[in-house]
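Here are some notes on the structure below. Please read them alongside the coordinates.

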Amino acid sequence: MAEPSRLRPEDRPDFEAVPHLALSTADIRGALGADPTGRAATHLRAHALAHADDITAAAGEPYRTCRAVRRATRHEARRPLGAGSPLPALAVLTPLVAATSAGALLLLGGLLQVTDVPGPLPGSLLAAGWTLALVAAVTGFLALAALLRTALGRHGAPTAGRVQHARPAWRQALLDFGVLPHLRRHLAPHPEAAMTPCSPPDTLAPCPARAGKDRTPCSD
């Protein structure tokens with residue numbers, strides 16, 4: 001059995017926007033039309049916000065999906081590139097080692113050549129240094145290309161698409177299965193009843209005078 005979904009603090013702003021949408025639907029707006037002061041709508045919205053966990057549980061499955069997608073996205077963002085593989089380390093170390101070795105060989109070969117050391121040693125050191133310099137340049141370029149490709153693949157359309165789909169899907173389910181039924185249930189316990197400004201401040205029940213046959217205005 002799935003654990004009941006409780007509204008997370010970071011999702012509170014998304015939740016608070018849904019009652020506003022629900023109060024603008026035709027049936028709710030029409031039922032609240034009998035209250036020109038707007039106090040009934042304010043009470044209704046406050047009541048929905050006070051029961052956020054119960055309403056969220058009504059759209060529990062889409063909410064759990066949204067949270068799972070968000071956790072996966074955050075995990076991917078925190079995970080080092082190529083975690084668990086020696087290739088990233090080699091891609092970084094190879095150009096560094098090659099460039100350092102090339103610099104040392106070129107410097108030594110140049111010094112030997114300047115001091116007119118006889119024999120093929122200065123030329124061999126210079127040739128090896130230029131070879132290592134070429135290796136450092138090629139491996140550095142390949143490493144940079146691999147890192148850019150991995151970064152673009154991680155933050156590309158598939159991950160962004162999952163997040164962009166899961167969040168609106170949860171908000172729509174929250175509206176359809178959570179907030180609207182909650183508001184309708186507390187707006188009109190009886191089909192013939194409607195919210196009026198004379199409802200007590202601690203309840204959303206309809207005015208007793210309007211719930212019966214008498215249609216005269218309420219008085220204190």
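1. L21 is partly exposed, at 42% relative accessible area (buried is under 20%, exposed over 50%, partly exposed in between; 1.4 Å probe, protein chains only). L21 sits in helix α1, residues 12-23 (helices are DSSP runs of H or I, at least four residues, numbered from the N terminus). Its C-alpha atom is 9.4 Å from that of V179, 158 residues away along the chain.

2. On the basis of the values: this is a predicted model, where local features need pLDDT of at least 70, side-chain atom pairs count only at pLDDT 80 or more, and totals for chains, interfaces and linings use all residues. Residues are numbered from 1 along each chain as its sequence is written, and side-chain values use heavy atoms, without hydrogens and water.

3. D11 belongs to the segment before α1. D11 is buried, with a relative accessible area of 2%. Its side chain makes a polar contact of 2.7 Å with the side chain of R70 (a pair of N or O atoms within 3.5 Å; within protein, one must be able to donate a hydrogen and the other to accept it, and residues adjacent in sequence count only if both atoms are side-chain atoms). Leaving out residues up to four places away in sequence, D11 touches Y63, R67, R70 and W170 (heavy atoms within 4.5 Å).

4. The largest nonpolar core has 26 residues (buried Ala, Val, Leu, Ile, Met, Phe, Trp, Tyr and Cys, joined through side-chain atoms within 4.5 Å). F15, I28, L32, W170, L174, V179 and L183 touch the most other members. Helix α8 (157-187) is among those supplying at least two residues. α8 gives the most, nine.
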